[in-house]
Amino acid sequence: MSAPSPPGGREPRRSRPGRGRRWTGLAGRYAALLLMLVVMLGPIVWQFLTSIRGRTENVYDGMLPSQPTLDNYVRVAESFPLLQYAGNTLVVAALAVSSNTLFAAMGGYALSRAAWKGRKVVFTLLVATLMFPFESVMISMFLTVREMGLVDTLIGVWLPGAVSVLNVMIMRSAFLAVPREVEEAAVLDGANEWTRFARVFLPSAKGALAVVCLTSFMGAWDDFLWPLLVLTDSDNYTLQLGLKTLAGATTVNDQRLIAAGAMAALIPMVLLFLALQRFFFKGVGEGAVKT
Amino acid sequence: MSAVDEAAGPKTPGSKTPGSKTPGSKAAESENGRAARREAAGRGRRARAAMEADTGLVHRSWWTPYLFLAPGLVMVCLFSIWPFANTVILSFTDARILRGGTFVGFANYARAFADPGFWVAAGNSVLYLVVVVPCLVFLPLALAVLVQTKIPGIGIFRSAFYTPVIASAVVVGLIWQWVLRSDGLVNTVFLKLSIVSEPIPFLTDSTMLLVSAMIVTVWKGLGYYMVFYLAALGNVPASLHEAAAIDGAGTVRRFFSITVPQVKPMMLLVGTLSAISALRVFTEIYILGGESGGPGGGARTLPFLIRQVGLGFAGETGYASALSILLFLLTLVFSLLGRRLSKGDET
Amino acid sequence: MTRSNLTRTAVATLVAGTLLSTSACGLSGGAAEVEEAERTGKVSGGITFRTLQLKPAFTSYVQGVIDAFEEEHPDVEVRWEDVPGDGYNEKLVADAQAGALPDVVNLSTDSFQLLGDRGMLADVAKLDGALAQDYVPGAWEQFRLPGKGDGVYAYPWYVTPEILTYNRELFEKSGLDPAEPPTSVEQFFDHAERIAAGSGGRYAAFMADPKGRLPGDWQKMGVPILNEKRDRFTFDTGKAVEWVERMKDLYAKGAMPRESLLKSDDINQLYGAGKLVFGPGSPGFVKDIKQNAPQVYAKTRVAGAVTGTLGHIGIYAQSLGIRKDTRHLDAAAAFARWVTNGPNQVEFSRKATIYPSNARGLADPLFSDRGDGKDAETVARAVGAEQLKSAALDANTPVQWTNQVGDAVVREMQKAIKGEQDPRSAVKKAQEEANRLLADAAAQ
């Protein structure tokens with residue numbers, strides 16, 4: 001069920017001569033893709049089917065909805081200020097994406113292109129921070145944000161994730177792949193450090209930047225526990241906090257409504273992915289050819 | 001063809017900073033004529049050379065790296081290092097939730113070492129790492145290769161493969177339970193086909209539960225790390241594959257002789273990240289095996305133990321902190337070990 | 001070179017040092033000792049009121065209660081914060097740690113025990129001694145704390161009683177009479193055995209869920225959980241072993257879904273799909289199944305909970321705690337009293353599947369109306385209310401049975417029920433472990 005056969009093995013032999021071969025190759029590739037699609041898409045399909053079930057349908061039984069309806073989505077939109085919460089999430093996500101792309105790129109640059117004393121120590125230190133369990137540092141983080149007077153603000157939600165070490169490492173790995181000649185050429189042009197960073201390195205790591213955008217956006221969009229700790233006024237709630245109000249201890253949990261809410265929250269992420277996926281390949285080579 | 005790619009590199013700044021073309025192309029031209037395969041190997045070496053760039057034409061002031069790192073370091077100090085220092089101190093106390101403790105020396109650590117549950121959990125964590133990391137280093141790469149080509153509708157497939165990453169844990173748990181239950185999809189099919197005579201206890205046996213959780217981890221990780229590899233694959237010149245194909249190298253061979261060496265830095269990163277997350281696994285075991293962590297707690301991992309001990313209203317903050325530190329040390333050991341194994345490839 | 005090395009080190013140290021000191025805010029896992037607030041006799045000031053997941057379903061009700069209070073006390077301003085159920089406790093702990101608890105806060109049994117034990121809640125018996133008689137028996141006493149004398153540390157709010165829910169059709173298929181549901185644990189097991197014998201593996205009788213069944217099942221079988229001083233567990237008895245043996249036997253016979261030994265969060269799912277005979281024991285569930293599986297709801301019957309030798313159910317009230325160092329003690333107390341008074345609680349239970357802890361509230365005709373006896377939701381309300389009138393604290397999970405104790409006991413039970421451990425030694429080991437945890441907690 002789990003381990004899909006390495007798709008590499010089914011890769012079409014595109015460079016081999018012979019038309020028939022190419023067609024079987026393409027068909028094989030699509031077959032592999034479709035197989036993976038079935039394996040990977042399960043939860044979303046299930047969630048979607050639940051979200052369009054009619055009110056009199058049994059949500060716990062049966063495979064396909066017998067009375068499909070979009071009514072549940074309307075009810076989600078009516079049951080809490082969806083747009084306001086989505087707006088709050090967008091603010092946090094936009095801050096997170098900008099700060100992460102800029103600062104993670106800067107950090108990754110320093111860790112990859114310069115030979116300086118203490119680089120190894122700092123690098124090890126950064127990797128080490130990835131290993132701390134969130135629960136053990138959660139309360140201290142909260143006290144710090146509180147001390148800074150940022151409780152119940154979106155800034156407070158954003159701040160701890162403003163520069164994630166993970167993103168620094170992604171950027172570092174991307175900059176390591178930039179050939180030294182490129183950098184030297186820029187130096188000969190008289191470009192200073194910042195210019196080299198902004199004009200040479202950033203454009204050649206578009207793929208990695210797209211990945212950083214994606215991970216930081218997802219992080220901000222999906223986070224629940226931290227925003228909950230920081231925010232108290234429901235006007236400031238993010239989307240994930242709002243969604244939790246659909247399911248509760250004292251309310252009746254309408255599974256259709258919960259599923260519709262979850263789908264509504266998923267859609268922007270899928271759209272973002274669709275929009276970004278073209279950029280993932282813009283590495284050193286391709287990014288340069290296009291510019 | 002390879003020269004085109006190489007020469008194209010410097011054009012990036014060229015379009016913005018006029019005049020850079022000439023020297024850049026020259027550097028690239030010197031590469032001209034080298035065999036594609038040798039170039040693949042050379043790339044890694046060059047990347048390493050870049051690390052020592054200060055000896056060449058590139059000069060920097062000593063404080064420049066600090067300046068570039070400053071925003072990241074500030075955040076890390078505030079939100080990681082500082083809380084961590086707190087955890088270290090708490091691990092030497094008998095603090096409980098909402099109650100400060102007194103210094104107890106190494107008592108918490110001694111207690112952990114004397115607890116058979118701790119060793120089971122540590123063993124499970126290590127087992128998890130050993131199984132999951134190789135899967136997550138290679139399978140997402142294979143998936144990335146599969147979705148790399150530009151064929152109609154590929155964007156849809158890429159996005160679809162990413163959805164497990166963003167699906168809610170509750171729904172993921174429900175679906176996988178539906179698949180793995182004793183009366184679930186897999187067992188029903190296997191029983192019908194007489195592959196097994198008794199349902200496989202995917203969720204009710206500690207070892208099988210760990211395996212099932214690993215399956216879910218790998219399944220979620222496929223899409224996540226696929227994205228990392230897509231970015232890295234962008235750096236692999238198509239010319240390499242074409243040259244090798246002309247030499248008669250098959251798909252599988254090209255995967256191992258060209259793709260793998262080219263994305264090696266990314267494989268190291270993915271290896272590190274997946275190792276860290278494997279050692280921190282909690283959710284998968286919780287959603288499949290319930291709050292006891294498998295029958296008799298036999299499928300508990302270290303993070304699972306930490307939560308059981310530290311959270312909730314009887315929370316033993318001190319002991320949980322000690323367990324956190326032990327988990328941290330275990331992670332450190334494995335990341336150093338991983339470095340040893342891949343020595344000389346990076347940094 | 002040496003010089004610049006020195007500078008580098010100095011700068012790095014300085015930066016790190018400044019960061020650490022600016023973020024310094026108490027290296028400790030505990031909170032400072034809380035000062036007790038003074039009464040002023042003046043009901044005024046701004047207070048915060050935190051509820052557990054009442055928005056958006058009950059926004060208008062809660063806002064109405066607040067508005068009416070503010071009208072009566074124009075000098076008080078109530079700020080209402082509603083927090084989702086997921087993460088409620090984490091937020092509470094973080095706020096308590098920061099010394100930022102709300103003035104009036106909704107507490108569940110375990111969060112009450114934590115905050116009360118740490119001395120963060122005001123003694124409401126001292127504020128309103130005469131109030132005790134307003135509540136149903138047990139509700140007021142539930143908020144005393146071991147080792148804290150006669151103090152009562154929260155106002156009882158709404159309660160949800162335990163009931164029995166089952167699928168009539170599957171009952172009949174198994175040759176059981178839906179009009180005669182089990183009343184003791186032993187009978188319950190007998191029923192399950194009949195169901196398993198006739199189900200052919202298509203449905204199960206009940207969820208094994210040892211975490212949820214204990215220590216309740218043992219109490220209902222007359223097993224003494226604690227000694228009289230309540231400082232040692234004493235459940236290692238023949239009856240408890242008998243319970244394990246029965247469970248083991250039924251598990252092997254397929255009376256419970258195999259996975260339910262570990263987790264039972266899919267209980268609604270299974271019951272709603274007609275794969276389970278006994279549903280969850282809460283009135284809220286009846287409403288849930290009506291919403292999500294209307295066809296199965298039509299087959300659902302409701303009866304009084306299995307109470308065995310106890311003869312009554314326990315009482316678990318949500319409560320409103322008052323922050324001990326609140327700046328406006330009088331306003332906070334007056335407001336908590338207002339929210340928990342009879343009329344406001346009855347009004348609330350008309351809208352939600354909850355019951356008033358207030359005696360006069362529970363006497364409201366709403367709670368004795370069984371309708372035509374066919375609608376499960378209406379019957380559930382009446383059955384639940386009826387049981388609440390005789391509810392008593394001795395059926396509750398003892399305070400000493402913490403989550404950690406429960407986990408430790410359950411681990412041994414799981415092994416025994418699966419047949420990997422002898423029931424007798426499982427109970428013995430469980431008690432030893434439970435006593436060790438109890439002693440550890442008491443040592444501090």
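Guide: One term before we start: two residues are in contact if their C-beta atoms, placed from the backbone, lie within 7 Å. Also keep in mind that this is a predicted model.

Visitor: Okay. So what does B:Tyr229 touch?
Guide: Leaving out residues up to four places away in sequence, B:Tyr229 touches B:Pro140, B:Leu141, B:Ala144, B:Val263 and B:Met266.

Visitor: And which residues touch the most other members of the largest nonpolar core?
Guide: B:Tyr229 again, along with B:Leu323 and C:Phe335; that core has 315 residues. Its largest share is 19 residues from helix α10 of chain B, which spans residues 206-233.

Visitor: Let's go to helix α11 of chain B. Which of its residues are buried?
Guide: In α11, residues 238-246, the buried ones are B:Leu240, B:His241, B:Ala243 and B:Ala244.

Visitor: Why are they on the same side of α11(B)?
Guide: Because they cover an arc of only 165 degrees around the axis. As a general point, an α-helix has 3.6 residues a turn, so residues three or four places apart point the same way.

Visitor: What's on the face turned away from that buried side?
Guide: That face of α11(B) carries the exposed residues B:Ala238 and B:Ile246. Just after the helix, B:Gly248 takes a positive phi of about 95 degrees.

Visitor: Switching to chain A. How many helices and strands there?
Guide: Chain A has 14 helices and zero strands. Of its 291 residues, 54% are buried.

Visitor: And how far along the chain do its contacts reach?
Guide: Take the contacts in chain A between residues at least 6 apart in sequence: 72% of them join residues at least 24 apart.

Visitor: I clicked on A:Arg196. Buried or exposed?
Guide: A:Arg196 is buried, because it has 24 other C-beta atoms within 10 Å, and the cut-off for buried is 20 or more. You'll find A:Arg196 in helix α9 of chain A, residues 193-204.

Visitor: What is A:Arg196 in contact with?
Guide: Setting aside neighbours within four places in sequence, A:Arg196 contacts A:Glu183, A:Ala186, A:Ala191 and A:Phe201.

Visitor: Last one: how is chain C divided?
Guide: Into domain 1 (45-160 + 315-367) and domain 2 (163-312 + 393-442). The centres of these two domains of chain C, taken over C-alpha atoms, are 31 Å apart.

Visitor: How many residues are in contact between domain 1 and domain 2 of chain C?
Guide: Nine residues of domain 1 are in contact with seven of domain 2. On the domain 1 side, there are three nonpolar, five polar and one charged.

Technical notes: Residues are numbered from 1 along each chain as its sequence is written. Chains are lettered from A and ligands numbered from 1 in the order in which they are written. This is a predicted model: local features need pLDDT of at least 70, side-chain atom pairs count only at pLDDT 80 or more; totals for chains, interfaces and linings use all residues. Domain bounds come from an automatic or database domain assignment. Ala, Val, Leu, Ile, Met, Phe, Trp, Tyr, Cys and Pro count as nonpolar, Asp, Glu, Lys and Arg as charged, and the others, Gly among them, as polar. A nonpolar core is a set of buried Ala, Val, Leu, Ile, Met, Phe, Trp, Tyr and Cys residues joined through C-beta atoms within 7 Å. A residue is buried if 20 or more other C-beta atoms lie within 10 Å of its own, exposed if 12 or fewer, and partly exposed in between; C-beta atoms are placed from the backbone. Helices (H or I, at least four residues) and strands (E, at least two) are DSSP runs, numbered from the N terminus. The arc is that of the directions from the helix axis to the C-beta atoms.
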